[in-house]
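Hi everyone, thanks for coming. I'd like to walk you through one model today, so please have the viewer open and follow along.

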There are 2 protein chains.
Amino acid sequence: MGHTHVTAATSDEGAAVPVTIRDVARASGVHISTVSRTFSAPHLVNPETRVRVLACAEDLGYRPNRAARALITGRTHNIGLIIADIANPFFPPLIKAAESQARNRDYHVFVADTNEDPAAEEELVHALAKQVDGVLLCSPRMSNSLIEQLSREVPLVVVNRQVTGLPCVLMDVGQGARAAIEHLIGLGHRAIALLGGPRSSWTNREMRRAAAAAARAGGAELTLLGPNAPTETGGSAVAEQVRRSGVSAVLAYNDLMAIGLIEGLDALGVRVPQEVSVVGVDDIALSRLTRPKLTTVATPTGAAGRTAVDMLLQQDTESPRGARGSGAGTALGVRRTTAQVMLQTDLVIRDSTGPGPHARPARPLAAPLGPDPHCPAGPGIPTAANGDAVAS
Amino acid sequence: MGHTHVTAATSDEGAAVPVTIRDVARASGVHISTVSRTFSAPHLVNPETRVRVLACAEDLGYRPNRAARALITGRTHNIGLIIADIANPFFPPLIKAAESQARNRDYHVFVADTNEDPAAEEELVHALAKQVDGVLLCSPRMSNSLIEQLSREVPLVVVNRQVTGLPCVLMDVGQGARAAIEHLIGLGHRAIALLGGPRSSWTNREMRRAAAAAARAGGAELTLLGPNAPTETGGSAVAEQVRRSGVSAVLAYNDLMAIGLIEGLDALGVRVPQEVSVVGVDDIALSRLTRPKLTTVATPTGAAGRTAVDMLLQQDTESPRGARGSGAGTALGVRRTTAQVMLQTDLVIRDSTGPGPHARPARPLAAPLGPDPHCPAGPGIPTAANGDAVAS
DNA sequence: GGTGATCCTGCAAAGGTTTGCAGTGAAGTA
DNA sequence: TACTTCACTGCAAACCTTTGCAGGATCACC
């Protein structure tokens with residue numbers, strides 16, 4: 001199995017000593033309900049008693065059993081995070097931000113990886129439903145209707161997908177794609193390719209829509225290539241196709257594909273950005289480290305994670321599930337307010353884009369940039385600088 | 001807040017309809033205990049009854065409530081995964097593998113990020129203890145004694161750290177460091193620097209020990225630089241120091257630092273590998289994508305995650321916590337077998353290492369390699385190819 | 001027909017916590 | 001003094017499930 005056992009020993013270990021509310025009650029000479037109240041409704045208990053109970057609890061190392069608490073309150077203080085692919089560098093910052101935000105609110109986070117499999121997503125929602133107060137669906141691959149259906153089982157917040165009637169956190173990739181296309185047109189590119197991502201991706205559709213519109217407006221021709229796997233391999237696989245298509249610039253579905261494409265083009269002897277300009281999406285940490293450094297549409301993944309958690313928890317506070325008196329009758333018709341939030345994106349111009357065939361030689365539109373300028377160029381910038389070229 | 005509200009609506013939603021074992025019992029005309037047995041001990045129930053119950057359960061969409069089950073069985077079927085920094089690309093593959101392995105065994109995974117903070121680690125173990133059957137501590141930063149102490153509260157498996165008496169999953173970075181140093185010596189380097197990582201890291205100590213021994217054996221001088229933050233910034237920050245130190249090769253604590261160092265050297269006008277060779281550790285996905293492609297010691301992170309989960313679950317099966325009859329008396333003296341597993345590492349030679357000042361011009365020791373050879377060179381290879389040089 | 005054995009099912013307690021209700025004693029009010 | 005109010009605490013049911021025990025039915029065997 002490729003590994004070596006270094007040691008195998010047996011040792012005496014004190015077994016886990018589960019200290020319960022009852023132990024604390026006994027130690028402090030009060031009834032368990034008083035102990036319970038000390039933690040969940042401190043104002044209902046005499047200050048003197050309270051300090052005594054707290055002292056005993058501290059002494060014994062008591063921690064309320066959240067599962068038992070959940071059983072009766074209906075709130076687990078857990079949330080679920082369902083991710084298409086943890087290894088995709090787009091997600092870790094989102095996971096990190098979401099987990100941090102959740103923990104600040106005293107929630108724990110289940111993380112699950114679906115391997116981009118819609119069936120796994122559904123199964124996971126079912127499996128987690130009883131154990132969490134809500135689930136974050138990140139870049140889901142399943143259908144909208146299924147998502148809606150599942151949302152009746154457990155509160156859902158969707159990231160990177162628009163589902164009517166459900167709280168969603170979106171990144172404005174439409175605007176990002178437009179900015180990217182305008183940037184390229186401003187550099188003198190007129191034949192541009194769009195490397196599509198997974199078919200079922202909302203982001204993919206948005207990008208296509210916006211890129212097509214921007215290209216039309218700018219008098220450029222947009223070639224659609226895809227769908228492709230949203231990975232490095234997916235990008236390098238289409239390098240040959242890109243070369244044959246004769247475009248001078250490419251907007252890729254994400255950074256990984258962009259980087260893969262640059263690799264592939266390099267292998268074919270096509271230089272970036274001298275012969276072909278490449279723009280990615282996401283601004284993963286990696287994009288700062290490749291050569292050339294990647295021009296990309298930065299998406300606020302951390303903010304998305306935090307926002308999504310906030311929305312979930314807020315929604316959760318509004319309509320507690322499994323409330324005491326619910327009895328057998330299903331409390332139908334709970335009014336739930338759902339907001340959809342769109343987060344801004346920023347075009348970050350680095351070194352993978354350069355002048356195209358139609359560049360105006362007089363004006364140094366694309367002056368060679370210093371190392372890692374990392375200057376977020378808002379959507380206005382390309383338009384402002386090259387408005388006349390675009391207007392034609 | 002940098003975001004725009006697109007929509008804010010209210011909608012009617014069917015509330016969560018928690019279907020319990022009682023509903024299934026009623027629907028299928030049996031007692032709840034029979035339903036319970038249908039799921040947890042099928043052989044005890046009449047086949048006819050069983051199919052009827054299963055049909056009803058399916059119909060109603062019943063899923064056992066794991067929290068309630070845990071309350072009485074003492075097994076939550078959850079595990080905790082405590083990570084120093086999710087955004088560090090070393091960890092996502094580990095998380096992914098561990099989660100996948102756990103789910104295959106019908107376990108769910110809590111993931112928590114400590115931001116490299118030992119205090120957060122301790123707090124998290126406490127917080128999760130009651131909710132999980134065990135915790136995976138990945139590259140912990142807290143002291144061994146604290147880890148041992150915490151292991152009395154909840155079963156622990158430690159990754160990337162050796163703690164006597166506890167199950168550990170280790171990567172043989174000692175061997176890896178040795179192979180790296182031998183590789184560098186074989187290339188003709190005699191002045192080598194070791195970029196250290198965090199002080200409290202076990203990996204760091206192992207690497208230092210092994211690298212020093214290998215350098216001594218090979219007649220090279222090893223300069224220790226550190227401790228440093230295990231990040232790209234940590235690497236680029238010492239570039240100047242590396243240049244001044246006059247070494248011709250560097251072994252970095254991990255790939256991120258190595259990449260940062262290359263960046264930093266590049267900014268100083270020092271070329272890699274022509275003037276300085278750089279070796280990393282981990283073989284994160286990124287190391288294949290930077291220019292030059294990074295020579296690195298590949299650590300089997302996926303295997304580590306899977307192995308750790310297996311060890312945790314096995315240990316867990318042996319000594320069920322909170323068993324029924326435990327009563328008040330603590331079942332002291334539970335014998336627990338703890339194994340420590342060492343996983344092999346592989347030196348992957350890519351483009352960031354080249355001939356040093358003492359290279360033998362006749363033999364093309366470091367012939368220019370094709371694109372992405374990715375040929376794992378076992379520890380034997382450098383020794384075999386350059387044995388005589390090393391023996392001096 | 002009687003005796004066990006076997007198979008299946010129901011009963012009820014248990015697990016740790018929350019919470020509506022009622023009870024206690026003291027303080028405040030008339 | 002009698003009555004109300006208030007602050008605090010205890011009681012017990014409830015959440016959902018598992019599981020030891022016992023009861024009932026069926027069957028085989030003598």
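Let's start with one residue in chain B. With 24 C-beta neighbours inside 10 Å, Asn160(B) counts as buried. Asn160(B) sits in the loop between S5 and S6 of chain B, and its phi is near 65°, a positive value in a residue other than glycine. Before going further, please keep in mind that this is a predicted model.

Now look at the strands on either side of that loop. Strand S5, residues 156-159 of chain B, runs parallel to S6(B), and two bridges join them. Within this pair, Val158(B) stands opposite Cys168(B) in S6(B). Which residues of strand S6 are buried on one side, and which on the other? On one side we find Cys168(B) and Leu170(B), on the other Val169(B) and Met171(B), and all of these are buried, so both faces of S6, residues 168-171 of chain B, are covered.

Asn115(B) belongs to the loop between strand S3 (108-113) and helix H6 (118-129) of chain B. Is Asn115(B) buried or partly exposed? Asn115(B) is partly exposed, because 14 other C-beta atoms lie within 10 Å and the cut-off for buried is 20 or more.

Next, the helices, and helix H4 of chain B in particular. Its buried residues are Arg66(B), Ala67(B) and Ala70(B). They span an arc of only 100° around the axis, which means that they lie on the same side of H4(B). As a reminder, an α-helix has 3.6 residues a turn, so residues three or four places apart point the same way. And what do the buried residues of H4(B) pack against? They pack against H4 of chain A.

Helices H2 (32-40) and H4 (66-73) of chain A, and H2 (32-40) and H4 (66-73) of chain B, each supply at least two residues of the surface near DNA strand C. Sorted by class, the surface near DNA strand C has 14 nonpolar, 11 polar and three charged residues.

Now turn to DNA strand D. For DNA strand D, H2(B) gives the most, with six residues. The classes near DNA strand D are 13 nonpolar, 11 polar and three charged.

A quick stop at the prolines. The peptide bond from Val272(A) to Pro273(A) is cis, with omega near 10°. In chain B, the bond from Val272(B) to Pro273(B) is cis, with omega near 5°. Pro273(A) is in the loop between helix H12 (255-267) and strand S10 (277-282) of chain A, and Pro273(B) is in the loop between H12 (255-267) and S10 (277-282) of chain B.

One more loop, this time in chain A. Asp85(A) is placed between strand S2 (78-83) and helix H5 (91-104). Asp85(A) is partly exposed, with 19 other C-beta atoms within 10 Å. Leaving out residues up to four places away in sequence, Asp85(A) touches Phe91(A), Asp113(A), Asn115(A) and Glu116(A).

Chain A has 15 helices and 14 strands, and 51% of its 392 residues are buried. Its mean pLDDT is 86, and 82% of its residues reach 70 or more. Where should we be careful? Over residues 320-335 of chain A pLDDT stays under 50, although the model has 21 contacts there beyond four places in sequence. Residues 364-392 of chain A also stay under 50, with 44 such contacts. Where pLDDT is low, the predicted coordinates should not be read in detail. Thanks, and I'm happy to take questions.

Key. Residues numbered from 1 in each chain as written. Chains lettered and ligands numbered in written order. Predicted model: local features only at pLDDT ≥ 70, side-chain atom pairs only at ≥ 80, totals over all residues. Helix = DSSP H or I, 4+ residues; strand = E, 2+ residues; numbered from the N terminus. Nonpolar A, V, L, I, M, F, W, Y, C, P; charged D, E, K, R; others polar. Buried ≥ 20, exposed ≤ 12 C-beta atoms within 10 Å, placed from the backbone. Pairing = 2+ DSSP bridges. Arc of directions from axis to C-beta. Contact = placed C-beta atoms within 7 Å. pLDDT = per-residue confidence, 0-100.
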